[in-house]
Amino acid sequence: MNKLTSVNDFVVRFANINGSGSASANNLFAKAVFRLGVPVSPKNIFPSNIQGLPTWYEVRINEQGFLGRRGGYDFVVAVNGQTLKQDYDHLRPGGYFFYDDTRSLPEEFNRRDITVIPMPLTGLANREIENPKLRSLLKNIIYVGALAALFDMDFSVFTDSITKQFSKKPKLAAPNIKALELGYNYASTHFDGICGLCVARSDKLTDHILMDGNTATALGAVYGGATVAGWYPITPSTSVVESFDRLTRRMRLDEEGNRRAAVIQAEDELAALGIAVGAGWNGARAFTATSGPGVSLMNELLGLAYFTEIPVVLVDVQRTGPSTGMPTRTQQSDILSCAYASHGDTKHVLLFPQDPKECFEMGALSFDLAESLQTPVMLVSDLDLGMNDHVCEPFEWDDARSYQRGKVLDEAQLDALDRDWGRYLDSDGDGVCYRTYPGTHPEKGAYFTRGSSHDEYAAYTEDNAAYKRCMERLERKWETAKTMVPEPDISINDEGAGSGMIFYGTTAHAATEAVALLESRGTPLNTMRITSFPFADSVAEFIRCHDRVFVAEQNRDGQMRTLLINELGGRPGISPDKLISIAHMDGTPPDAVSICDAVTQKMKGGAA
Amino acid sequence: MSRRPVFRHPNLPKNDLGYTRRDYEGLDSTLCAGCGHDSISNAIIRACFELSLPPHRVAKLSGIGCSSKTPAYFLGKSHGFNSVHGRMPSIATGANMANRDLIYIGVSGDGDTASIGMGQFIHAARRNINMTYIVMNNGCYGLTKGQDSATADRGSASRKGLPNPFEAIDLCESAVQLGAGFVARGFSGDKAQLVPLIKAAIRHKGFSLVDVISPCVTFNNTPSSTKSYHWVRDHMEATATFDFIPMRPEITTEYEEGDDQSVAMHDGGLIHLHKSDNSFEVTSRRAAIDALEHYREKGQILTGILHVNEALKDTHEIMETTKVPLNSLTAKELCPGNDTLQGIMAGYR
Ligand SMILES: Cc1ncc(C[n+]2csc(CCOP(=O)(O)OP(=O)(O)O)c2C)c(N)n1
Ligand code: SF4
């Protein structure tokens, strides 16, 4: 049997039971890899319940820095009886099956192409850990200690992490360190040299951070100056506002200790967005965070905010539909429903972050865009980005940066105004009009915000021509938006390549690796990562320049492909059949190998 | 845009701020002639004039419906927001969060509030948002032409003649139960009572509900409708006759003690109640509900102030937000800066 051998390039999968406290132990392992300077990507694959169902935690370790899923796993920590057989069967040939042998493996577990590593986790825990309440929790820490030995990792990194984690509760550090040592010592004596996988200290990560996207988005909202959040809990967006709440309680107090933020847990999503829209109308930077089902409920007010031109930010952390379809699994399936959310002729500015750094930056930017354009802006991320930790560059904030509050007239400006003021007058020709906050001026600048059709002075009218003028101006504003949103990230790997690949958000991680794989097989592809909607002209240009363009994304129907065709399809050189969908939609993040295979297959099939 | 001619009669009475009643008016109404809602608009105009509110410091918000159109017809110098059906409370909540210094008047219909917007109404009340919430309650849907609303009394018949088979929601009773600090009921046809009610509601800090029975002349003014002019006139029972008195020595001293009950408003103003029923204690939630139920059983509508509690904290106080309007904070006050960010980054290494 050929054992898998590798330094800093393999996948470990932990099979646990939800609610057993394994998450923090598994996280401790991933963090140790990270602290050894090795690029790592942990993904929590968990069910929609609180306790008792199977959950997996997959850790990709890759020195080259490819941090999407690779496909397959090399080492499994199998501590969930319910999935034991499945975990056993799916292990890659040459891989390692680490399990709790307090109970022996049934007879049908008879693969000869893998290495079995039995360890009496429960037995050890029962014998060595006095406090019965801590036993099952620390059992997880014991296997982490064993992994440290099996992968030949610097043990001090683990103990340092524990010390840091429990710096405020040092009493808890000791039993954790003891558990780590139990595992480490047992594995060192019993399994010496058994495992060909190793994590060695590397200099690949320098000042990088390991953070989840939702925390990063919340930080973006704090730095971006958001003051009002209305929200309603929904996985996977909940931690966006919870983090914002926590961060502002810490960092945004006035001299008397009062809060410079208002966070209201609303009664539903309609109210959540209503609160944000009301606050946006009244001059506060306001946002809400939700997921697909919430976006559906917010549709009515999104249309109103678009038509009445009220700045507001909506963070959509996408998940698999419908209401409780696979609510804890990831997808990119709200693209169309966000782009055109609501009734009538609406379209919305979307931003697609690929990692926490972009969650932070786009999070802050979204408020500038919303206020500059006086329209809803949606930050569209997903469960994988929002809830999993990702390695990324640290965030920076330019202290000289000021907020773009857009075209707002204050009292003095209203006084100085020599021309006629109308809320919806396009004085600058860019489709963006001047607004006033309520309460600004005793005589000037008050207007009536209404969903019903209005003229340039915000007066009610059902005049066809006035309605048409308004809608045409909104179209002009959309053109202005194109010049303000982030440009796509284009990579020309081969000037002569006839094929290109488009992706966005978290698909980028696996897609970039798939492109490298394809290149190594002699098929170079140019790539374009879409970062925003409306599409900049360079998006159309990229498609025009290639004979065929694969669109890799995480939904069944190729929603980004549809959006591209809908928005750009009429232009020269952009025919729908040029755009080939590479869809991934099972609720897990896509992996490089399957994207690569799908492209190869479609190329062979001559699909164009 | 139809604008009123800016003609001012030199002798029009002015309030303390020097504004005339005109300064509180809006566009011409497009509601049916005789609609109760127009009387309520006029009562709002008078209340704001008499309170000497700076018109531009008022924000008026509404949902959708004939009633929700009315903010266009009063306070033309104020910002207005005609939102979507049933969602005015959340918009008002957000607006209030952004700037706690303005005066918020929300206008809604009984369809807007008691059906599609019931959730938002209830939650605005329980959060004690500092706003005056006026329901123009006609027991029917006006704008969509006469369907029964959830406040229509059981057995009451609208123009189409079929008696409503379902139980009615009493918005005042709900608001009292939800802990609203000010709950009153008026009648659009009784301005003498309505204007002071609205004044007191505006002065109250926190959520104040004024549920105003407002007959829909077009769809629900039949003798068999319990929200018609005739029916209401015949079945009205007032808790008290009262007046709203700003806290000024020369006025307050004019009032005699006796049967009267004075309720101090948070800003120092007093509501002076002339009670018709001595046993009715407006500061007691239980008494309010008892009284409402008592008169309902008798087939009568109890009007006046039903409940007041000036001790409640409003949403900002509960959440301990800063005293200055959130919309006025600058980047300096909001952005923790790069040094702090780098400190946070260190925690994620
Ligand atoms: C989501 C939605 N559903 C339905 C409507 C149609 N609609 C407009 S007004 C209204 C009822 C208004 O009744 P009420 O609030 O009692 O006000 P009134 O017209 O009687 O003053 C309805 C159902 C709408 N505008 N939006
Ligand atoms: S339909 Fe009824 S509620 Fe609407 S304006 Fe006419 S009278 Fe008033």
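The questions and answers below concern a predicted model, its chain contact and its ligands.

Student: How are residues, chains and ligands numbered or lettered, and which pLDDT limits apply?
Tutor: Residues are numbered from 1 along each chain as its sequence is written, and chains are lettered from A and ligands numbered from 1 in the order in which they are written. Side-chain values use heavy atoms, without hydrogens and water, while totals for chains, interfaces and linings use all residues, local features need pLDDT of at least 70 and side-chain atom pairs count only at pLDDT 80 or more.

Student: How much area do chain A and chain B bury between them?
Tutor: Contact means heavy atoms within 4.5 Å, and 73 residues from chain A and 60 residues from chain B take part. Buried area is the accessible area (1.4 Å probe) that two parts lose on being put together, summed over both. Of this area, 61% is on carbon and sulfur atoms, and the total is about 5400 Å².

Student: How many salt bridges does the rule find across the interface of chain A and chain B?
Tutor: A salt bridge needs a side-chain nitrogen of Lys or Arg within 4 Å of a carboxyl oxygen of Asp or Glu. Glu443(A) and Lys77(B) form one, with their closest N and O atoms 3.1 Å apart. Across the interface the rule finds four salt bridges.

Student: Which element gives the largest share of the side of chain A that touches chain B?
Tutor: Helices (H or I, at least four residues) and strands (E, at least two) are DSSP runs, numbered from the N terminus. Elements giving two or more residues to this side include helix H1 (22-35), helix H9 (269-281) and strand E17 (448-450) of chain A. The largest share, eight residues, comes from H9(A).

Student: What is the bridge partner of Phe448(A) in E2(B)?
Tutor: Two strands pair if DSSP finds at least two bridges between them. E17(A) and strand E2 (residues 79-82) of chain B run parallel and are joined by three bridges. In E2(B), the partner of Phe448(A) is Gly80(B).

Student: Why is the site of ligand 1 shared between chains?
Tutor: A residue is near a molecule if one of its heavy atoms lies within 4 Å of it. Of the 18 residues around ligand 1, those that come nearest include Cys66(B) and Asp112(B). The site is shared because the residues that surround ligand 1 come from chains A and B.

Student: How far is an oxygen atom of ligand 1 from an N or O atom in the side chain of Ser67(B)?
Tutor: For His37(B), the corresponding distance is 2.9 Å. For Asn138(B), it is 3.0 Å. For Ser67(B), it is 2.7 Å.

Key:
Polar contact = N/O pair within 3.5 Å; in protein donor to acceptor, adjacent residues only side chain to side chain.
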